[in-house]
Structure formats: structure tokens, C-alpha cells
Amino acid sequence: MSRTKKTATAVVGGLPRVDLLPPEVRAERRGGVAVRRAWMGVVGAAAVAGIAVGAATLHSIEAQDELLASQADTQQLLLEQGKYTEVRDTQSEITLLTAAQAVAGATEIAWPSYLAQIQATLPAGVTVSTISIDQATPTSDYAQSDTPLQGARIGTVTFSARSAELPSVPDWLDGLATLPGYTDATPGSVSLENGVYEATVTMHIDQRAFSNRFAPTEGE
């Protein structure tokens, strides 16, 4: 086994250096450097923390300013809205009245016009002498018939008509069938008094007879 032989090398012309410091001094110096580096790290961390705290504080101040501005805008809007309180109250009252009118008028039938149409279906020389009306109300349904052949109804019109000639009741019924809302009609008694014939008819009507005058229109 061969060994490598170390050869001493002399530096010609170099300055002689001799470290006469005790090891304790060198150790103390190295410790001082470590302490300074540690303090520099602490100072750097403190600086970063200070910057972060400053940024957070600035952001908090900006957010507070925005909140105050928003509150001021809200207060201004409330003040502006207060100027129109009466208008809003009036609009609410109109809405309530419109709704109440629609409910109350849901079962409205324009009777003057409807009775004129009944008269128009009768033959010439025949006049309506008496009339009786019974119909549903906005708060109650109309009683329905137990007879299977009779349709649903919302009202009943019973009238008497006079004629100088013997009335043709079937022709009357055919004419009544053309009226809006007509459901069915039943003839009653026919009497003769002082040369004048009088016949009665009972007619039932459904919701098609409603005027719908207060019904909301499309788009409302």
C-alpha cells in the first residue's frame, strides 16, 4: 500500500501573520456577529409587521369612510322618500280601493242592459210585466240545482210577459237561449185575464252574464 508524501510549500515574499488572540476572544467575536444578525432579523420582522399593520389600518380607515358615506347616502334617500309619503299613501289607498272594487264587482251584472236584451228576444206585442232576480254575491256562492240535467248557475231570472194572443212559449225559450250566460229556462203557468194572456218563465244564467267591468285588463 502506497502512501502519499506531503511536501511543505514555503511562500516567498509573503507577510508573516501570527494570530495571538486567545480562543475566547475569537468565540466572543463570532457570538457578537450572530447576535447582530439575530437583531437584524428581529428589526426586519418588526418592519414587515409594521408595514402590514399600517396597510391594515389604512384599509380600515378607507372602509370606515366608505361606510360613513354609504350611511349618509342612505339617510339622504330616506329624507327624499319622506317627501313622497303622501303620494305613497294615496297610491296604497288607490290599490286597496281597486282591489275592493274588483271583488265587489266580481258578480256584477248590468241588469238594465240585460233586461232590455230579454225584452228584445220576445215577439212583437209581448211585453214583460213583472220580473224577479236572484243571484250570487261576492261573499256567497249560489245554490245549485239537484236536477242532473240543469247546468251550473249564478242567478235566476223569473219574469212574466203579457200578450194579446196565445203565446208560443217554445219560441220564447228559443229566443232566450241567445242571451249571454243563458243556461236553461223553464216555462211556467199561462193565464188569461180580460183578454190578455200572461205567461211566466224561469231562466238560469251562469258567469258569462257578468259584466266584468272591474276585471283587471291585460298588463295591469
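1. Three salt bridges are present in this structure, which is a predicted model. Side chains of opposite charge can pair when their charged atoms come close. The points below take the pairs in turn.

2. R153 pairs with D184, with 4.0 Å between the closest N and O atoms. This pair links distant parts of the chain, 31 residues apart: R153 sits in the loop between strand 1 (127–135) and strand 2, while D184 belongs to strand 3. Both R153 and D184 are buried.

3. R162 and E198 also form a salt bridge, at 3.4 Å from N to O. Because R162 is in strand 2 and E198 in strand 4, the pair ties together parts 36 residues apart in sequence. R162 is partly exposed, at 43% relative accessibility, and E198 is partly exposed too, at 22%.

4. How do strands 2 and 4 pair? Strand 2 (residues 155–163) and strand 4 (residues 196–205) are antiparallel, with nine bridges between them. Strand 3 (residues 182–193) runs antiparallel to strand 4 and is joined to strand 4 by nine bridges; Y182, for example, has I205 as its bridge partner in strand 4.

5. The hairpin of strand 3 and strand 4 has two residues between the strands, and N194 there takes a positive phi near 55 degrees.

6. Finally, D206 and R208 form a salt bridge, their closest N and O atoms lying 2.9 Å apart. Are these two residues buried or exposed? D206 counts as buried at 11% relative accessibility, whereas R208 counts as exposed at 52%.

Key
Residues are numbered from 1 along each chain as its sequence is written. This is a predicted model: local features need pLDDT of at least 70, side-chain atom pairs count only at pLDDT 80 or more; totals for chains, interfaces and linings use all residues. Side-chain values use heavy atoms; hydrogens and water are left out. Two strands pair if DSSP finds at least two bridges between them. Helices (H or I, at least four residues) and strands (E, at least two) are DSSP runs, numbered from the N terminus. A salt bridge is a side-chain nitrogen of Lys or Arg within 4 Å of a carboxyl oxygen of Asp or Glu. Buried means under 20% relative accessible area, exposed over 50%, partly exposed in between (1.4 Å probe, protein chains only).
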